[in-house]
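The sequence and the structure are shown first, and the description comes after them.

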Amino acid sequence: MYLAKFSQVLAPRTLAGAHSVSVSHFAGATPYATSSGHLGREWLMGMLSAARQQRQASAPLSTASASSKPSGRAGALVFEDGTRFAGTLFGAERSVSGEAVFQTGMVGYPESLTDPSYSGQLLCMTYPLVGNYGVPPQDRDEYGLLTHFESSRIHAQALVVQDYCDEPSHFRNEQTLHQWMASQGVPGISGVDTRALTKKLRNSGSMLAKLVADGDEEDAVLQEDPNRRNLIAEVSCTEPRVYNKGGDVRIVLLDCGVKENIVRLLVQQGAEVKVVPYNHDLLSESDCHGVFISNGPGDPSMAEETTRNLRAFMDSHTEFSTPIMGICMGNQLLARAAGASTYKMTFGNRGQNQPCVDAFSGRCFITSQNHGFAVDTSTLPEDWRESFVNANDGSNEGLVHRSKPYYSVQFHPEHMGGPTDTEFLFARFIYACRLHQRGRMLAADEVLAEPTETKASAKAASATTIKATAY
C-alpha cells in the first residue's frame, strides 16, 4: 500500500518524451519498517533519490540542458538605507533598480510577472519555492487573449525569491523561469532570506532598492523611483482594439495596464469590448453602454489627463448616466475624478487572500490584490460612499455613487491568480449596461444588492475556487 501511494506522489507529470517513475522501478527495494510500522526515513530517501535520478536521465533536453540553468553569478539586493541581501542571479544577469515590494501568493508567478501593475517594481515572493512548474506556452483563446499570462511581456523590474527551482515539472511546461526571464531581459535573484526581507518592508514600508550583479559598480546603477513617472502611459495600449465584435452591449475599456482576464470575463458575458488608450477622449464614445477603468501601476496622481477625461465624461451625463466600473487603479482614478484624494500605503496589499467586507451585506470575501495606493474615504463627496472595506487594515476596497451607476473595487475580481469569490461583479456590471441599453438607469447600490440576469449569473458568489496557474 505504501509503495503504491509513494509511486503516485513521486512520479512526475509526464512531459513530452519523458517517462514516469513506476512501481516496478522499486521492485527490488526492501522497505525498512520502524517499530511503529511506518516506512523508515532511509528507505524513503532512497526512493526519492532513485526517482530524481530516473527523472533527470529521461527528461528532454528542453528542461534539463545546461542552457536552462543559471550561471551561478552572485548578486545583491541593496536597499536605499544600505541594507544588503546577498544571493545568486537567474534570468537576465544585469543590474536594475526600482521599488521593492512583497507578494504573499503561493502560486501564480507567470500571472504576477506579466501583470502591468508590477511595472517598475522589484517583486519579492514570500512563498519560498518559485519556478517549480516552469513557464507555459503562449496559448490564446477564441478571443485572441493569452490563456496563461496577463499580458504579452514581463512587467516586473526584477524577481526576488528564496529558492529558485531550475528543474520544473508540469505537463505544459515549455521553458524554465530562468530561460523566460533571460529572454525578456528581466533579472532575478535567489538565495535571499525573504522572511527577513518581508519583515523589513512591513516595518519600514516599501522601499527603493537596487539589484546589483556581481562585478557591476553599485554607484553606477541609477536609483529609479517608478512612482515619479506616469507608469500608466508606459503600459497602456497606443491604438484601440476591439474584442468580441458584435456583442449585444458595447463596453469601452480604459487601458491603464489592463490584465487579459479582465477583458476575457467581459466578453464571456456577451459584451463587445473596445480597449482604448489611457488618454482616450471618452466624450467621443457617447454610443457606448458602459465604461470600464482597468487596473494599472504607480501613483494615480500622475495620471491627471486620465482623471480629467473621466471627470468630463461623468459631468456630461447628468440625467441618464452611463454605467462605470473600475478595478484597482480604476477605483483610485474614479475617486479622484469625483473629487476625492488618494495616499500611498505603508507597504500595500499584494497577494491572494485579502479579506474584504461588503458594506451592504456585511459579508466577507477573500480577494486577490496588488496595489500600493488607496483612496482616502474622508475626502469623498457626499454623493459617494464606501462599498467594501479591508478587514485587515481598514483601508478602502470599493466605492459606489448613491444615485448613479458608478462603482469600483480596489481588489481584483478577475483573480488570476487568486479566488473567484467576487467574479459576479462583472455579471452585475453588464446587467447595468444592458439596462442602460434599454433606457433604464440603475443606481450602483441597486446593482450591488440585486441578483442579475446575465450569462454567468448562475455562478455562486460564495464559491471559493482558486484559479491560479491552471494551465
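In this predicted model, the count of aromatic pairs, taken as rings whose centres lie within 6.5 Å, comes to eleven. One of them joins Phe-365 and Phe-388 in an edge-to-face arrangement, with 6.3 Å from centre to centre and 65° between the planes. This pair links distant parts of the chain, since Phe-365 belongs to strand 16 (residues 364-376) and Phe-388 to strand 17, 23 residues apart. Phe-365 is buried, with a relative accessible area of 3%, and Phe-388 is buried as well, with a relative accessible area of 2%.

Phe-365 also forms an aromatic pair with Phe-424, and this pair is tilted, at 5.7 Å centre to centre and 45° between the planes. Here too distant parts of the chain are linked, with Phe-365 in strand 16 and Phe-424 in helix 11 (residues 424-437), 59 residues apart. Both Phe-365 and Phe-424 are buried. The two pairs are set side by side below.

| Aromatic pair | Centre to centre | Angle between planes | Arrangement |
|---|---|---|---|
| Phe-365 and Phe-388 | 6.3 Å | 65° | edge-to-face |
| Phe-365 and Phe-424 | 5.7 Å | 45° | tilted |

Phe-365, Phe-388 and Phe-424 belong, together with Phe-411, to one aromatic cluster.

Charged side chains also lie over aromatic rings. Arg-385 lies over the face of Phe-360, at 4.5 Å from the ring centre, and Lys-200 lies over the face of Phe-79, at 5.6 Å from the ring centre.

The next element to consider is helix 9, which spans residues 304-315. Its twelve residues reach 16 Å from the first C-alpha to the last, close to the 16 Å expected at 1.5 Å a residue. Within helix 9, the buried residues are Thr-306, Thr-307, Asn-309, Leu-310, Phe-313 and Met-314. These residues lie on the same side of helix 9, because they cover an arc of only 165° around the axis. An α-helix has 3.6 residues a turn, so residues three or four places apart point the same way. The buried residues of helix 9 pack against several elements, namely strand 11 (250-254), strand 13 (290-293), strand 14 (324-327), helix 10 (329-338), strand 17 (384-390) and strand 19 (406-409).

Two of these partners, strand 14 and strand 19, run parallel and are joined by four bridges, and in this pairing Met-325 has Tyr-407 of strand 19 as its bridge partner. Strand 19 also pairs with strand 18 (residues 396-401), this time in the antiparallel sense and over three bridges, with Gly-398 standing opposite Val-409 of strand 19.

Helix 10, another of the elements against which the buried residues of helix 9 pack, is mostly covered, with nine of its ten residues buried. The buried residues of helix 10 are Met-329, Gly-330, Asn-331, Gln-332, Leu-333, Leu-334, Ala-335, Arg-336 and Ala-337. Just after helix 10, Gly-339 takes a positive phi of about 115°.

Technical notes
Residues numbered from 1 in each chain as written. Predicted model: local features only at pLDDT ≥ 70, side-chain atom pairs only at ≥ 80, totals over all residues. Heavy atoms only, no water. Helix = DSSP H or I, 4+ residues; strand = E, 2+ residues; numbered from the N terminus. Expected span 1.5 Å × (residues − 1). Buried < 20%, exposed > 50% of the residue type's maximum accessible area, 1.4 Å probe, protein only. Arc of directions from axis to C-beta. Contact = heavy atoms within 4.5 Å. Pairing = 2+ DSSP bridges. Phe/Tyr/Trp six-rings, centres within 6.5 Å; stacked < 30°, edge-to-face > 60°. Lys NZ or Arg CZ within 6 Å of the ring centre and 35° of its normal.
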